[in-house]
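Dear colleague,

Please find the structure below.

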Amino acid sequence: MLPDDSGLSIHLITQATRATFTDMYFHQTFLSFIHKGTKKVICPHNGELVGSEGDLFIFPPGSIISLENRPLVDADYQADGVSIANALIDAVYADQPAAQAAIGIQVVRGEEHKPEDVLALMKETLANTSLPEALRQHRLLEPLIWLRHIGVYLSKPDTDNPLSKVRSLIETDLSYAWRATDVASHFAMSEATFRRWLAKSGHGFAKVLLHTRLEKGLALLQSTHKPISSIALDCGFTTPSHFSEAFKKRFGIRPKEIRSREG
């Protein structure tokens, strides 16, 4: 894991069992560099996309998609996930015409563009603690400049989207026992007004809360070695069994199967 306070973080993602994850929400621009196995994505705009070793998937902020990670017969699925803050995107794409903004998921093919080279540059920059901050920030823009150079356009998030705002608030403390009245109060609304406002995004509060917690749990299972019991509590579930049941109901597999093969 290579987190950084400069707006970019890298997490190694591993998965032992093939699984499909539906309605996954991406708050920030997210890059997925595939190292082992394959990934299938169902994009509302671009249909079915499949990537394999060396390919790069680009998920725009605010996207909700379904994806399937497919391990190899003898090896876990493995990828590096890179989250990029909006400020870095703006520094490179602020002048892009609205008509050129990316729609849906994009794939950069490994054979043609070698995106692994750009990932190596990002890792080197984050790992070099001796770099002056100004130089570090400049180097972190280089991967985005490269993406723009090869024709990739990154869209800006809709910061007024109710779903984005509510999920961002919940993520500040997933273990808190959030109620609709708490969130409504934060946004200076009555509960009834808040529910109508959130409904404009097509989502109800209970579903948003559950999905936010489960998706964070999935991310922790894939990118850390924390015990499942700790992940359950950190994500706001009262017991590990409650987390496991909710996880299985949504994703079709138990949390432990993310880390160990079936059978």
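A nonpolar core is a set of buried Ala, Val, Leu, Ile, Met, Phe, Trp, Tyr and Cys residues joined through side-chain atoms within 4.5 Å. Buried means under 20% relative accessible area, exposed over 50%, and partly exposed in between (1.4 Å probe, protein chains only).

This is a predicted model, in which local features need pLDDT of at least 70 and side-chain atom pairs count only at pLDDT 80 or more, while totals for chains, interfaces and linings use all residues. Residues are numbered from 1 along each chain as its sequence is written, and side-chain values use heavy atoms, with hydrogens and water left out.

The largest nonpolar core has 31 residues, of which Phe 21, Phe 59, Ile 105, Phe 243 and Phe 247 touch the most other members. Apart from it lies another core of 25 residues, including Leu 31 and Ile 84.

Strands (E, at least two residues) are DSSP runs, numbered from the N terminus; two of them pair if DSSP finds at least two bridges between them. In strand 8 (residues 77-84), seven of the eight residues are buried. Ile 84 in strand 8 stands opposite Leu 8, whereas Gln 78 stands opposite Lys 36.

Rings of Phe, Tyr and Trp (its six-membered ring) pair if their centres lie within 6.5 Å; planes under 30 degrees apart count as stacked, over 60 as edge-to-face and the rest as tilted. The whole structure holds 13 aromatic pairs. Phe 194 and Phe 205 form an edge-to-face pair, 5.9 Å centre to centre with 70 degrees between the planes.

Yours sincerely

Definitions and conventions
Helix = DSSP H or I, 4+ residues; strand = E, 2+ residues; numbered from the N terminus.
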